[in-house]
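Me: I have a structure open and I'd like to go through it with you. Can we take it bit by bit?

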Amino acid sequence: MTDIVSSRAKSHAESVYSAGQWTLMWRRFLRHRLAVVGGVVVLLLYVISVGAGFFAYADPEAGSATRSLIPPQPIALFNEGRFEPHVLGLKRVRDPQTFQLVYTPDPENRIPVRIFGEGFQYHLFGLFPTNIHLITATDEAGNSALNLAGTDVQGRDFFSRMVFATRVSMTIGLVGVTISLLLGVTLGAISGLYGGLVDETIQRIIDILNSIPTIPLWMGIAASVPPDWEPTQVYFAVTIIISLIGWTDLARVTRGRFLAMRTEDFVTAARLDGASEPRVIFKHMVPSFLSHIISATTLAVPAMILSETALSFLGLGLRPPAISWGVLLQQSQNVQAIAMTPWLLLAAIPVIVAVLAFNFLGDGIRDAADPYSR
């Protein structure tokens, strides 16, 4: 028995010694449980982003005055001891004291909830026209009877709008980080590799950008966006605005690494071999700390998501009819809305979940990339 255990330990040690850098990183990452959970949540959010039409059960733009500000309504799973998922129909009555519409469940009107049912038309993955959704519940008039997160003032289903907002808010983080990554790595590499006047110029630009208060800078740049632009144009404008501000930290880190590596033997050997400066940078120097760039990028995505949410919440970013988490939170800017329709704050939950998931994932990647971590 002792021989079997020792042979297994020996084979495990040999596999560790012969494993490459990425294999070791993957093994250390799997030992970080919160990072694995964060990675699963991030993957799920992007699956929802790609298939938003499938996961949403109502058209996010379809509103009705008769469905204004319906509170959230859960799905009942059982009916008289039998498993029959359903929702109750709603009756509209006028409160005699406040004169507001109040929705009361009708126990006599049970609407069955169907899996993979038919609903509004959409394009799956943006390519295939279909009307199949994950869950549906249709009343006698052919309208959706589900109200998992209630409705807004215009009578639009809030849950479906949050699902479609995931597509915008999650992708704007990726696009923004991609642009910031290119700017940060390129300018940081040039600054650290060449030094001198080039280094001083780039560092002073970074100092100027970091010294400008964030909110006034956002307000000034957002004011320059024409008000008649389409939502797609505003989307790309907001992405570029966030990217032009978020590249400075990565540039500083890249500069420090290049200052330390520019006198290394492998860099000198590449130059003596006739390699061009771009090849030295992107072929030899950047891959040497690629793991750090990946972890820094992962940790930068939640900052981009929070920036877009804050901009849109303040009315400086995306504007209706665009749908993002920040745009949805605009409806809960006053105390009266929070007191009377608290479910409109549910749009903050996916923001918190996404930021925590990315932070856990980034911490796990950073620890896995550290050669001194256990």
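Me: Which residue stands opposite F78 in β2?
Reply: F83 in β2 stands opposite F78. Keep in mind that this is a predicted model.

Me: How do the rings of F78 and F83 sit, and at what distance?
Reply: They form an aromatic pair that is edge-to-face. The centres are 5.7 Å apart, with 70° between the planes.

Me: Are F78 and F83 buried or exposed?
Reply: Both F78 and F83 are exposed.

Me: How many bridges join β1 to β2?
Reply: There are 3 bridges between β1 and β2, which covers residues 82–94. The two strands run antiparallel.

Me: What is the strand order in that sheet?
Reply: The order is β1-β2-β3, in an open sheet of 3 strands with antiparallel pairing. β1 (76–79) and β3 (101–112) each have a single partner strand, so one side of each has no neighbour in the sheet. On average, neighbouring strands are turned by 50° against each other, direction ignored.

Me: And what holds strands together in general?
Reply: Strands of a sheet pair through backbone hydrogen bonds.

Me: Next, β4 and β5. How many bridges join them?
Reply: 7 bridges join β4 (residues 114–124) to β5, and the strands run antiparallel. In one of those pairings, E118 has I132 in β5 as its bridge partner. β4 and β5 form a hairpin, with 3 residues between them.

Me: What is the phi of F125 in that turn?
Reply: F125 has a positive phi of about 55°.

Me: Where are F116 and L69?
Reply: F116 is in strand β4. L69 lies in the loop between α4 and β1.

Me: How exposed are those two?
Reply: F116 has 51% relative accessibility, so it counts as exposed. L69 is partly exposed, with a relative accessible area of 29%.

Me: Which aromatic cluster does F116 belong to?
Reply: F116 forms one aromatic cluster with F54 and F55.

Me: How many aromatic pairs are there by count?
Reply: The count comes to 7 aromatic pairs. One of them is Y57 with F159, which is stacked: 5.6 Å centre to centre, with 10° between the planes. That pair links distant parts of the chain, 102 residues apart. Y57 is in the loop between α4 (52–55) and β1, while F159 is in helix α5 (residues 158–194).

Me: Why does Y57 count as buried?
Reply: Its relative accessibility is 3%, so Y57 counts as buried. The cut-off for buried is under 20%. F159 is partly exposed, at 27%.

Me: Where is N147, and is it buried or exposed?
Reply: N147 lies in the loop between β5 (128–136) and α5. N147 counts as buried, at 1% relative accessibility. Its C-alpha atom is 8.9 Å from that of I75, 72 residues apart along the chain.

Me: Switching to the core. Which residues have the most contacts inside the largest nonpolar core?
Reply: M170 and L318 do, in a core of 55 residues. Among the residues L318 touches are V168, P231, Y235 and Q330. Another core lies apart from it, with 15 residues, among them L193, M261, A270 and I293.

Me: What about T297? Which helix is it in?
Reply: T297 is in helix α12 (residues 290–313). T297 counts as buried, at 19% relative accessibility. T297 touches V177 and L181, not counting residues up to four places away in sequence.

Me: Last one: what span should α15 have?
Reply: At 1.5 Å a residue, the 22 residues of α15 (residues 348–369) should span 32 Å. Its end C-alpha atoms are 32 Å apart, which agrees. Buried residues in α15 include P350, V351, F358 and L361.

Terms used. Residues are numbered from 1 along each chain as its sequence is written. This is a predicted model: local features need pLDDT of at least 70, side-chain atom pairs count only at pLDDT 80 or more; totals for chains, interfaces and linings use all residues. Side-chain values use heavy atoms; hydrogens and water are left out. Helices (H or I, at least four residues) and strands (E, at least two) are DSSP runs, numbered from the N terminus. The expected span of a helix is 1.5 Å times one less than its number of residues. Buried means under 20% relative accessible area, exposed over 50%, partly exposed in between (1.4 Å probe, protein chains only). Two strands pair if DSSP finds at least two bridges between them. Axes are lines fitted to C-alpha atoms, for helices over the stretch in contact, and angles run from 0 to 180 degrees between N-to-C directions. Rings of Phe, Tyr and Trp (its six-membered ring) pair if their centres lie within 6.5 Å; planes under 30 degrees apart count as stacked, over 60 as edge-to-face and the rest as tilted. A nonpolar core is a set of buried Ala, Val, Leu, Ile, Met, Phe, Trp, Tyr and Cys residues joined through side-chain atoms within 4.5 Å. Contact means heavy atoms within 4.5 Å.
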